[in-house]
Amino acid sequence: MANSTVPRSSAEASTPVKIPVASGDATVARKEQGSGRLSLRLRFRRDRVLILMTLPAVLLVLVFNYLPILGNVVAFQDYDPYISDNGIVSILHSPFVGLENFQRIFEDAAFWNAVQNTLVLFIIQLVLFFPIPVLLALLINSVVRPRVRAVAQAVLYLPHFFSWVLVIAVFQQMFGGAGMLSQLLRQNGYDGLDIMTNPDTFAFLITAQSVWKDAGWGIIVFLAALASVPTDHYEAAAMDGAGRWRRMWHVTLPALRPVIALLLVLRVGDALTVGFEQILLQRDGVGTNAGEVLDTFVWWNGVRNQDFGYAAAAGLIKGVVSIGLVLAANKIAHLMGEQGVYEK
């Protein structure tokens, strides 16, 4: 076994450090030394423990995330799950209809209404919800006292652990037709106000619920990024005469920019998923014109109407468009000098 040594002079410092390898791999190591890269075999030997540790997680992802993708074949079938108790047998014996399901989707006004509602919700949440975790992280990071900071984090995190049923019940008690706001208005001589069943304000209601439930949880990533900023950067900026706002603009925000770019790319890729359970619980209250999104459209046609091929085609369209959005947003991040989801 060859061991690397610590250089004690400038001449020795210029000598490249040798990588310890087994005697059987010495020949391969010498061949790879000129290129500065290790062979796949040596990298596997070096990282075999880490690879073994990640194998269970990889298997879970393959079984529960990638293997079900094969079921998208029902989008090209008139799928009947009652042909057999075995789902694979049902797929094999269901007749193929080609692109008929996709043709029906593109001619369905309800589908385009769901697309429009989904995009409107995404834009509103991107503008009103996405910046809030960043602002909260900056606010908490500026708090000097650790105990006050811990209490603020706990208060903001807590709603994330509430179920959507509980969140909607709280909003119903506050802003429903018989809620506290309506009762207060009636006691002062005004008409009651039912925000929970108003289609015109439904998109803003959904955004407000998401902010209250998940904004505190979203600041975790940004606080972790802020914790990695060296304190000497702030000290150097303060010595140069920069005030609090200029330190935030020139030190804090540049440290957050890679994380913001990454999360923004992921959010754009998730644009067509705006909260299935949250909207499904309130869909009947505001009507399908305002409360139908792509996820509820797929659920209603697939589970309730038993039109599985049609619902699978709608879900497949959503998945393909989401992949395209991720790739486009990641390309824009590269053009702006950020890494995005993956490097160039």
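Colleague: Which residue forms a salt bridge with D295, and how far apart are the closest N and O atoms?

Modeller: This is a predicted model, so take the distances as computed values. The partner of D295 is K318, and their closest N and O atoms are 2.4 Å apart.

Colleague: Where do K318 and D295 lie?

Modeller: K318 lies in helix α18, residues 308-335, while D295 is in helix α17, residues 294-304. The pair therefore ties together parts that are 23 residues apart in sequence.

Colleague: And is K318 buried or exposed?

Modeller: K318 is buried, at a relative accessible area of 16%. D295 is buried too, with 15%.

Colleague: How many salt bridges does the structure hold?

Modeller: Six. One of them joins R46 and D47 through their side chains, at 3.1 Å from N to O. R46 is exposed, with a relative accessible area of 52%, whereas D47 comes out as partly exposed at 23%.

Colleague: What about D284, which residue does it form a salt bridge with?

Modeller: That's R283, with the closest N and O atoms 3.5 Å apart. D284 is exposed at 65% relative accessibility, but R283 is buried, with a relative accessible area of 5%. There's a bit of a network there: salt bridges with shared partners link R283, D284 and E292.

Colleague: Let me zoom out. How many helices and strands are in the protein chain?

Modeller: It has 18 helices and zero strands. Of the 344 residues in the chain, 30% are buried.

Colleague: On to the inside, then. Which residues have the most contacts inside the largest nonpolar core?

Modeller: L121, F202, V274 and I279, in a core of 21 residues. Helices α6 (109-128), α9 (164-175), α11 (202-227), α13 (244-269) and α18 each supply at least two residues of this core.

Colleague: What is L121 in contact with, leaving aside its neighbours within four places in sequence?

Modeller: L121 is in contact with A203, I206, V274, I279 and V293. There's also a second, separate core, which has 17 residues, including F111, A114, L294 and A313.

Colleague: Which residues form the nonpolar patch on the surface?

Modeller: A run of names you'll spot quickly: V58, L59, L60, V61, L62, V63, F64, Y66, L67, I69 and L70. Together they have about 1,100 Å² of accessible area. V61 is found in helix α3 and counts as partly exposed, at 36% relative accessibility. For background, nonpolar side chains in soluble globular proteins tend to be buried together.

Colleague: Switching to Q77, where does it lie?

Modeller: Q77 sits in the loop between α3 (40-66) and α4 (87-93).

Colleague: What does its side chain reach, then?

Modeller: The Q77 side chain reaches the backbone oxygen of I91 at 2.8 Å. The backbone oxygen of S94 is also reached by the Q77 side chain, at 3.4 Å.

Colleague: And which residues is Q77 in contact with, beyond its neighbours within four places in sequence?

Modeller: I91, S94, P95, F96, V97, N101 and G309.

Colleague: Last one: V251. Which helix does V251 lie in?

Modeller: V251 lies in α13. This residue is buried, with a relative accessible area of 13%.

Colleague: What does V251 touch, not counting residues up to four places away in sequence?

Modeller: V251 touches V229, H233, Y234, A237 and R246.

Colleague: How far apart are V251 and P230 in space?

Modeller: They are 9.8 Å apart, C-alpha to C-alpha, and 21 residues apart in sequence.

Definitions and conventions. Residues are numbered from 1 along each chain as its sequence is written. This is a predicted model: local features need pLDDT of at least 70, side-chain atom pairs count only at pLDDT 80 or more; totals for chains, interfaces and linings use all residues. Side-chain values use heavy atoms; hydrogens and water are left out. Helices (H or I, at least four residues) and strands (E, at least two) are DSSP runs, numbered from the N terminus. A polar contact is a pair of N or O atoms within 3.5 Å; within protein, one must be able to donate a hydrogen and the other to accept it, and residues adjacent in sequence count only if both atoms are side-chain atoms. Contact means heavy atoms within 4.5 Å. Buried means under 20% relative accessible area, exposed over 50%, partly exposed in between (1.4 Å probe, protein chains only). A salt bridge is a side-chain nitrogen of Lys or Arg within 4 Å of a carboxyl oxygen of Asp or Glu. A nonpolar core is a set of buried Ala, Val, Leu, Ile, Met, Phe, Trp, Tyr and Cys residues joined through side-chain atoms within 4.5 Å. Patches are made of residues with over 30% relative accessible area and no salt bridge: like charges are joined within 9 Å, nonpolar side chains (Val, Leu, Ile, Met, Phe, Trp, Tyr) within 5 Å. Accessible areas come from the Shrake-Rupley method with a 1.4 Å probe; for residues, only the protein chains shown count as cover.
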